[in-house]
Amino acid sequence: MQQAKFSLTVSLLEFLRNYQFYGFKDKSSMVRAALVRLKEEFETKSLEQSADLYADIYETDKELQELTYVAVAGWPE
């Protein structure tokens, strides 16, 4: 595993020092878990924005609505 060097505020450093209280085996595993969670939140936000964009496009594009209707015709509900 690669290492990285970064700076923390005093309050974040104090929080990190309590890694065992939060169930982590060491500081690194706590930081990794936090970064994974942040990454997932960004990915979720990006997917939601993409879905909103597609919904907006679909709402205003009558040709796309017709194409979708034809494509799903006959599918069980």
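A: We begin with serine 46, which is placed in helix 2. A helix here is a DSSP run of H or I with at least four residues, a strand is a run of E with at least two, and both are numbered from the N terminus. The model is a predicted one, in which local features need pLDDT of at least 70, side-chain atom pairs count only at pLDDT 80 or more, and totals for chains, interfaces and linings use all residues. Residues are numbered from 1 along each chain as its sequence is written, and side-chain values use heavy atoms, with hydrogens and water left out.

Q: Is serine 46 buried, partly exposed or exposed, and how is that decided?
A: Buried means under 20% relative accessible area, exposed means over 50%, and partly exposed lies in between (1.4 Å probe, protein chains only). Serine 46 has 43% relative accessibility, so it counts as partly exposed.

Q: How far apart are serine 46 and serine 7 in sequence and in space?
A: The two serines are separated by 39 residues in sequence and by 28 Å in space, C-alpha to C-alpha.

Q: Where is lysine 45 found, and what is its relative accessibility?
A: Lysine 45 belongs to helix 2, which covers residues 27-60. With 49% relative accessibility, lysine 45 counts as partly exposed. Between lysine 45 and threonine 68 there are 26 Å in space, C-alpha to C-alpha, and the two are 23 residues apart in sequence.

Q: In which helix does leucine 67 lie, and is leucine 67 buried or exposed?
A: Leucine 67 is part of helix 3. Its relative accessible area of 56% makes leucine 67 exposed. Leucine 67 and methionine 1 are 66 residues apart in sequence and 49 Å apart in space, C-alpha to C-alpha.

Q: What is found at the start of helix 3, and what just after it?
A: Helix 3 covers residues 62-72, and at its start a side-chain oxygen of aspartate 61 comes to within 3.1 Å of the backbone nitrogen of glutamate 63. Just after helix 3, glycine 74 has a positive phi of about 90°.

Q: How is a pair of aromatic rings described, and how many such pairs does the structure hold?
A: The description uses the distance of the centres and the angle of the planes. Rings of Phe, Tyr and Trp (its six-membered ring) pair if their centres lie within 6.5 Å; planes under 30 degrees apart count as stacked, over 60 as edge-to-face and the rest as tilted. This structure holds two aromatic pairs. In one, phenylalanine 15 and tyrosine 22 have ring centres 5.0 Å apart and planes at 50°, so the pair is tilted. In the other, the ring centres of phenylalanine 21 and tyrosine 22 are also 5.0 Å apart, but the planes stand at 85°, so the pair is edge-to-face.

Notes
A polar contact is a pair of N or O atoms within 3.5 Å; within protein, one must be able to donate a hydrogen and the other to accept it, and residues adjacent in sequence count only if both atoms are side-chain atoms.
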